[in-house]
Amino acid sequence: AGALACAGACLAFDLQGHRGARGLRPENTLPAFAHALELGVDTLELDIGVTLDGVVVVSHDPFLNPAITRDASGQWLPAGRGPLIRSLTLAQLQAHDVGRIQPGTAYAKTFETQQPVDGTRVPTLAQVFELAKTRGATRVRFNIETKISPGQPDDTLAPEALTQALLKAIRNAGVGARVTIQSFDWRTLQLVQKLEPAIPTVYLTVQSTSNDNTRDAAWTAGFRLAEHGSVPRMVKAAGGTAWSPNAGALTEALVAEAHALGLRVIPWTVNDPALMDRLIGWGVDGLITDYPDRLREVMARR
Ligand code: G3P
Ligand code: CA
């Protein structure tokens, strides 16, 4: 997408399509990734889980989310949490349709811009890699998030097993050079650095000036903000290549501090054009957005 700003090695600005292009197509699905490629993203952002039969699949939630899931007979799943991904085989998982948001839900209101694609299934990670290949997107990158909630350890595989399954899927597809692995669960990133040091790790945070132990799982990996003095310094100490902060908790000074440490800064999830413009002005190295079309427009205007 062009070099608007850069840090350290002066890499190009990284336009990342969040869950593909969630504002425009059903999240984390092949239609969303295909559309993001059409819009010219540099990176496909996605989340992963592992099925009962050990297949790495693309899903934000560790369970089937009733707001976006219909069963094989077309009925919306009952409200609450659907079955855990890890309790279903790939065949059972892919019997569900995730191509539309349930009307009347808050999620439908937030993303009324999303165009449904009925008949869409939860894809495997391998299918996403294959899609990019068949579309000729041989340079697109994949920013893959290991979804683990430290507070709900039974929802997913444990960090080690999840990380091993992901690294195997990446090796099988031969895309290691085009992958970054991101997580709020810093344990998985520490494992990636040990097992596959060539893959850059991206440290996600919700708060930028305090630890939020419910989601910023730095603490589970043994990192304490108080010991490091700032979140960028904690990311650096952890061995990260990049820091992905919550855009709402970021400041220009923190961007500068992270850059001084040699970290790339790629905030999530930025959908407002005015905020996109401001963050680019602060020198961020990329943005994660549900609307790659809006970000391209903002970048074109600069
Ligand atoms: O890339 C970070 C961003 O995706 C984190 O938020 O909840 O959409 O995975 P979430
Ligand atoms: Ca994510």
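Guide: In this predicted model, helix 1 (residues 30-38) packs against helix 4 (residues 125-134) at an angle of about 30°, and their axes are 10 Å apart. Axes are lines fitted to C-alpha atoms, for helices over the stretch in contact, with angles running from 0 to 180 degrees between N-to-C directions; helices (H or I, at least four residues) and strands (E, at least two) are DSSP runs, numbered from the N terminus. On the side of helix 1, Leu30, Phe33, Ala34 and Leu37 make the contact, while helix 4 contributes Gln127, Val128, Leu131 and Ala132; contact requires C-beta atoms, placed from the backbone, to lie within 7 Å. By class, this contact comprises seven nonpolar residues, one polar and no charged, where Ala, Val, Leu, Ile, Met, Phe, Trp, Tyr, Cys and Pro count as nonpolar, Asp, Glu, Lys and Arg as charged, and the others, Gly among them, as polar.

The C-alpha trace spans about 55 × 45 × 35 Å along its principal axes.

Residues are numbered from 1 along each chain as its sequence is written, with chains lettered from A and ligands numbered from 1 in the order in which they are written. As the model is predicted, local features need pLDDT of at least 70 and side-chain atom pairs count only at pLDDT 80 or more, whereas totals for chains, interfaces and linings use all residues.

Conventions
Two residues are in contact if their C-beta atoms, placed from the backbone, lie within 7 Å.
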